Structures are given as C-alpha cells and as structure tokens.
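This briefing goes through a structure by topic. The sequence and the coordinates come first, and the notes follow.

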Amino acid sequence: MTKGRVTLLILTLIAIIAIGGYWFVAIPATSSPNGSTSQARFTPGPYEVVSEGFTAVDESRTTQAYKGFPGLPTRTLDGGIWRPENLAQPGPLVIYSHGFMSFRQEGLYLNRFLASHGYTVVAVDYPLTGLWAPEGPLMTDVVNQPGDISFLIDTLLQRNADTFDTLFNTIDPEKIAVAGVSLGGLTSILATFHRKLQDPRIAALVSIAGPTSIFTPEFFEGRDLPFLMVYGGGDAIVPHDDNALPVLSKYPDVTLVTLKDASHAGFSQPASTLMRFNKNPDDVGCRTVTEELGVEMTQQNDEFMALLGDSEDGIDLTRHIEFCTSELIPEAMKASRQHMFTTLAVHAFLDSVFAADRAVRRASREYLQMTLAQENHGEVSVKRAAGAG
C-alpha cells in the first residue's frame, strides 16, 4: 500500500471516529409517540429557533463564600436564550432551572421545541448549585435561586421594552412560567409558592421530578395558578411516591403526569446522548449522590431546612428531602421516550394556559388530561387533584 493510500486511510478513520463521537455526544436519540394526535403534536412549531448567549449580573445580591471559595459581591448568571424568529406578537416567557450538579443545556430538547412554538425560553447556570460551581455544588444555595429568577424576569422585561434589543416586544409580561428539573423543579416551586421568596408575576408552574415532601398544604396557600408535575414512576433519586402523589392532596390545581418506569436522571439532555445505552441513568446518579456526596449532602440538607423556614411558611420540619431511598429498577424507560412524553405534556400544559385562542387552550387541556394517556396507555398516566376543574 502506498504512503498516500495509508494517509488517506488514516484520515478516513479519523473522520469516522470524529463523526461517531459527534453523534454520540451531540445528537440525541429520538422516539415517536403512539396515536395520531400525539404524533401531530410532537412536531416542531412554525418558527425558526434563534439561540443566543447572555450574561446577567445582579449587583444587589452576593454569592456566598464556602469551602475555599471566598465569595463575590455580586451574583453572575451565564445563560442562554431560545426564542422564535420573527414572532408576530408578544408571546410567553419560560424561565427554566437546571438540577443539582447540572447546567443550562440540560433541558435543550424541551427549550428548543417550545421556542419553535412561540415561547421565549431562558436558562442559566446557577452560581453554586451547578456543574461549574467553584468548589463543587452547594445545595443550600437553592434558597437564593428564586431571587435569581426574579432578577432574570426583571432583566428580560427590561430588554423586552428596549427598542434596540433583539427581545423587543417579544414577551407578554402577563404570560410568564417557570419550569425546572429536580433541584430546578424545587427552585421553581419556591419561586412560585414560598411566602418570602415568591414572585407574583409567575402565572404557571412546571416541576419535573422536583422534591415536594417537605411541604405542607399550608405552603401552597395564597396562590391560585395552574401547576404541572411530570414524574418518573421509577425515580430512584427523588422517589415518586414521596414527592409526586402527595401533592394531589395538598394543592387543588395540579396535574400529575407519571411516566412508567422513567428515571430521575433520564429527564436531562445527556441521558439521550452520552448515557443513551445505560439501562437506568439513576444508577450513575445514585452512586454519585451516595458515594461521592453522601455525608456532605446530609449536612447541606440540614442547613437547607434551617434556611427554608418553619411551619408558618408551610415547611414540615420533621421531614428532609430523601435521596436514593427507592429500589433501582433494572431497566428504565428510554430517555428519548421520557423526553418525548415530557415535551408533549409541558407544551400542552403551557398552551392550555397561555394560548391566545380559547379553542387551542381547550384542546390542549383535553389532550393533556385525557388523550395523552389514552394514546400512550401503559407508558403514561395522568391524575388531577380531587375537586380540580
């Protein structure tokens, strides 16, 4: 074989490896729902999606010191925006919050889909609970993240009013939702309901696998807005039976979508890329929590409960957020299907609240509460709180 052919062969092999690596890391596995209505709804919307990065610095609040990190006089939020191009009229805004030890691209599959349907979606890397935290993730800083959400809403509405900004007149201030996974779900719940941390501009809430076991019915009093919970029936990290089912008796306007045998970690974007061949992503998640963060997480849990409030705030001080107490099932729902069902549920829920057309709102509500589970029977179940409309 000539030297030229050897070189060509080597370059070809490098190209194949590079393409394969890109596919493995960047191209998620895909899945399709059952039923004609679900298939039609699982279609990208009419808008091209524009993504951009941004940095917002809150000079009114500090970033706390911990371990070897000296702290900062400000809180810096590095983020991303996914928005529809050439939006005809102002649309809804969704603030997405990532989970513990995660990052802003965690919900990329959902954020891009929503943007294609007219939603402006914003996600940031939280300073101390995310993957890039300076001394490792600090769970107690979640109590500061509702303030980050309020600051983001302020910042985005200022940009929305600026005629020279790319976001000018793209956001309807009356249509603001929060959403998040795991600790991001908890962040969204706190920003919506906590008496001292809530932002009254929030009009709808989505919690995906967010812990709720520490909240009493009194916690949810004082706000009246639609609430969607999406949970994995096989969640081994933040167990379904302790955190999902009880909310149905604590708050009247909640819809619970349960995905059979779905995992906790399976809600994140990397579960359908880097972890696509893992039979249960919670295996990795629980090993990380129990082996690497076990003692530290317990200490942070105690501190977190002390910071969160007391019984007057609707906090059950006899409880803690329990991690990895459920048995790990051998094989979880494929992450691609988990993402697909989550996208269908969240989009239908948000449209049932925010769609300009009353018929679209009604059809979306009917799909979420009935058709989704009917067409995907055995994989999806939907429950409403007793007495809910």
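F227 is in contact with I189, F193, L205, S207, F220, V247, Y251, D253, V254, T255 and F349, leaving aside its neighbours within four places in sequence. The model is predicted. Its protein chain comes to 10 helices and nine strands, and 55% of the 389 residues count as buried.

- The largest nonpolar core has 95 residues, and F215, F227, F304 and L350 touch the most other members.
- Helix 9 gives the most to this core, with nine residues.
- Another core, of five residues, lies apart from the largest one, and Y66, L128, A133 and L138 are among its members.
- In the protein chain, 75% of the contacts with a separation of 6 or more are between residues 24 or more positions apart.

**Helix 10**

- Helix 10 covers residues 358-375, which makes 18 residues.
- From its first C-alpha to its last, helix 10 reaches 24 Å, close to the 26 Å expected at 1.5 Å a residue.
- A kink of about 50° is centred on Y367 in helix 10.
- Y367 is also one of the buried residues of helix 10, which are S364, Y367, L368, T371, L372 and A373.
- The cover over these buried residues includes helix 2 (36-41), strand 7 (227-232), strand 8 (254-259), helix 9 (335-354) and strand 9 (380-384).
- At the start of helix 10, a side-chain oxygen of D357 comes to within 2.7 Å of the backbone nitrogen of A359.

**S38 in helix 2**

- S38 is found in helix 2, one of the elements that cover the buried residues of helix 10.
- S38 counts as buried because its relative accessibility is 0%, under the cut-off of 20%.
- Not counting residues up to four places away in sequence, S38 touches P33, L344, Y367, L372, E375 and N376.
- Of these, Y367 and L372 are among the buried residues of helix 10, and Y367 is where the kink is centred.
- The side chains of S38 and N376 make a polar contact of 3.3 Å.

**Helix 3 and N111**

- Helix 3 is mostly covered, with seven of its nine residues buried.
- The buried residues of helix 3 are Y109, L110, N111, F113, L114, A115 and S116.
- After helix 3 comes G118, which has a positive phi, near 100°.
- N111 lies in helix 3, which runs over residues 108-116.
- The relative accessible area of N111 is 1%, so this residue falls under the 20% cut-off for buried.
- Leaving out residues up to four places away in sequence, N111 touches W82, Y96, R104, V121 and A123.
- N111 and R83 are 28 residues apart in sequence, and their C-alpha atoms are 8.9 Å apart in space.

**Q145 in helix 4**

- Q145 lies in helix 4, residues 145-160.
- At 0% relative accessibility, Q145 counts as buried.
- The side chains of Q145 and T129 are joined by a polar contact of 2.5 Å.
- Apart from neighbours within four places in sequence, Q145 is in contact with R75, Y126, T129 and T187.

**Disulfide**

- The structure holds one disulfide, formed by C286 and C324 with their sulfur atoms 2.3 Å apart.
- C286 lies in helix 7 (residues 282-292) and C324 in the loop between helix 8 (294-308) and helix 9, so the pair ties together parts that are 38 residues apart in sequence.
- The disulfide is left-handed, because the torsion about the S-S bond of C286 and C324 is about -105°.
- C286 is buried, with a relative accessible area of 14%.
- C324 also counts as buried, at 18% relative accessibility.

Methods
Residues numbered from 1 in each chain as written. Predicted model: local features only at pLDDT ≥ 70, side-chain atom pairs only at ≥ 80, totals over all residues. Heavy atoms only, no water. Helix = DSSP H or I, 4+ residues; strand = E, 2+ residues; numbered from the N terminus. Expected span 1.5 Å × (residues − 1). Bend = angle between axes of the 7 residues up to and from the residue. Buried < 20%, exposed > 50% of the residue type's maximum accessible area, 1.4 Å probe, protein only. Contact = heavy atoms within 4.5 Å. Polar contact = N/O pair within 3.5 Å; in protein donor to acceptor, adjacent residues only side chain to side chain. Disulfide = S-S within 2.5 Å. Core = buried A, V, L, I, M, F, W, Y, C linked by side-chain atoms within 4.5 Å.
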